[in-house]
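Please read them with the coordinates open.

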Amino acid sequence: MHLLRSLRQLNGLQGVRQAIRQVSSAPTKPSALQYERDPQPLFTDAETQRLLQSMTQLNLDKVYRKRTVPDNSSETKFMSNEQLDNEFQDLVVRAQHMLRMPPIVQIKKDVERVIAKDPALKDFANSKFVFTDITFGRRQSERKVFVRETDGTLAYATLDTTKRMNQLYFPLEGRQSYTPRMFALEELLAKCLTEHKYEFILDRLLVQYEPHEPEFHNISARVFEHLNESKQFDLLRSTRHFGPMAFFYAWHRCIDDLLYDMIRRDYLHNAVELIALSYKLHSIPVEYQSTLTELDKLHPTPAESALAELRSVFRRQEDKQNIEQEIHTAIGKTDSDFAADEISLKFIEQYIASEHSLKKVQLELAVQTLKEVNREKLLLFQGLKKAHGVQAS
């Protein structure tokens with residue numbers, strides 16, 4: 001009886017695996033937006049990368065937040081101030097590495113590449129022969145895989161075969177040999193989207209697929225489209241997926257919802273960068289370089305801001321009691337911030353008034369609200385500095 005029960009369980013498990021493999025071949029729901037040409041040259045452009053990295057921001061609390069990993073332990077060390085400062089610099093460098101964006105490339109299509117045809121080998125065997133380069137130390141993209149067909153034709157393997165052979169000989173951790181259920185079953189993917197598990201989906205997508213595969217493009221586009229509807233952009237901020245998301249919106253001329261979110265959160269510098277990115281991708285003849293240059297002089301880079309925040313622990317007690325520093329902390333802005341806001345708002349209003357803006361009323365209301373808030377902050381800022389006899393910076 002025990003043996004029969006074990007056989008039934010084994011057969012049931014095999015049936016489930018077979019069903020998963022069958023359903024994995026079913027295509028997922030297609031996305032409405034796709035790249036009509038190769039986006040890689042524009043995405044890898046140095047200026048584009050700088051804009052995307054700045055828009056991503058560098059929130060160390062979010063980058064180093066606790067995750068559901070096997071080891072979440074912490075380590076305590078005694079350090080001098082110099083050692084601690086070096087550790088802070090390493091933290092920022094590691095955070096920048098963790099925020100490196102996955103590439104956006106064109107979908108690669110299979111092209112038949114025949115090496116030789118040898119009719120003498122026809123029907124030599126009933127199955128194909130696959131030859132795989134397993135040289136140690138090579139990247140998977142450099143490994144060549146060949147297939148000898150039953151009719152004697154020797155050709156380069158298809159992309160799917162090449163991927164399976166690489167995974168067989170050099171398996172990547174987390175990648176499965178079949179499509180995961182969350183991507184194969186439409187209801188599971190829809191459930192993850194409804195629950196706003198965007199980062200989880202995109203992280204899993206990077207493990208399972210290569211950036212040039214159609215599934216990668218299709219599912220990532222669906223995530224970005226759903227994000228544009230839910231307006232939960234902050235869930236991807238300070239992650240490696242925020243840059244590709246902003247690039248996707250700029251490419252498809254639908255930046256207004258993300259732009260509204262940036263204005264509402266008072267990320268005006270990022271809003272200017274998003275508009276500039278849209279102008280750049282579509283070769284719109286608008287001068288934005290001078291505005292970005294002025295803002296860069298007034299704003300530190302994300303890495304510099306993160307490092308300055310970490311180094312604030314070195315501030316001596318008398319520095320903490322500095323009146324001017326207390327005013328800046330209370331208001332949340334400095335003289336440079338107010339000057340940068342004025343430049344940014346002027347540039348944003350020019351975009352809203354142009355033909356490129358699709359949601360003018362919504363953006364105008366957001367700008368007007370922020371202007372009123374900034375005006376009150378500025379009056380309070382100036383009043384506090386005057387009351388305490390602090391000279392203007």
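The numbered points below go through a helix and its surroundings, then a sheet, and then the cysteines.

1. The structure is a predicted model, and what is said below about individual residues and elements should be read as a description of that prediction.

2. I would begin with helix H3, which spans residues 46–56. Eight of its 11 residues are buried, so H3 is largely enclosed by the rest of the structure. How do H3 and H11 pack against each other, in angle and in distance between axes? Helix H11 covers residues 242–251, and the two helices pack at an angle of about 115°, with their axes 8 Å apart; the crossing is right-handed. On the H3 side the contact is made by Thr48, Leu52, Met55 and Thr56, which meet Phe242, Gly243, Ala246 and Phe247 of H11. By residue class, this contact divides into five nonpolar residues, three polar ones and no charged ones.

3. Is Thr291 buried or exposed? Its relative accessibility is 11%, and because the cut-off for buried is under 20%, Thr291 counts as buried. Leaving aside residues up to four places away in sequence, Thr291 touches Val272, Ile343 and Phe347.

4. Turning to the strands, there is an open sheet of four strands in the order E1-E4-E3-E2, with antiparallel pairing. Its edge strands are E1 (114–117) and E2 (129–132), each of which pairs on one side only. Neighbouring strands of this sheet are turned by 15° against each other on average, with direction ignored.

5. Within that sheet, strand E3 (residues 145–148) is joined to E2 by four bridges and to strand E4 (residues 153–156) by three, and in both cases the strands run antiparallel. Phe146 of E3 is the bridge partner of Phe131, and it also has a bridge partner in E4, Tyr156. For Val147, the bridge partner in E4 is Ala155.

6. E3 and E4 form a hairpin with four residues between them, and Gly152 in the turn has a positive phi of about 95°. Which residues of E3 lie on its covered face, and which on its uncovered one? Val145 and Val147 belong to the covered face, whereas Phe146 and Arg148 belong to the uncovered face.

7. Last, the cysteines: a search of the whole structure finds zero disulfides. Cys192 is buried, with a relative accessible area of 11%, and Cys254 also counts as buried because its relative accessibility is 18%, against a cut-off of under 20%.

Notes
Residues are numbered from 1 along each chain as its sequence is written. This is a predicted model: local features need pLDDT of at least 70, side-chain atom pairs count only at pLDDT 80 or more; totals for chains, interfaces and linings use all residues. Side-chain values use heavy atoms; hydrogens and water are left out. Axes are lines fitted to C-alpha atoms, for helices over the stretch in contact, and angles run from 0 to 180 degrees between N-to-C directions. A crossing is left-handed if the near helix is turned anticlockwise from the far one by less than a right angle, and right-handed if clockwise. Contact means heavy atoms within 4.5 Å. Ala, Val, Leu, Ile, Met, Phe, Trp, Tyr, Cys and Pro count as nonpolar, Asp, Glu, Lys and Arg as charged, and the others, Gly among them, as polar. Buried means under 20% relative accessible area, exposed over 50%, partly exposed in between (1.4 Å probe, protein chains only). Two strands pair if DSSP finds at least two bridges between them. A disulfide is a pair of cysteine sulfur atoms within 2.5 Å.
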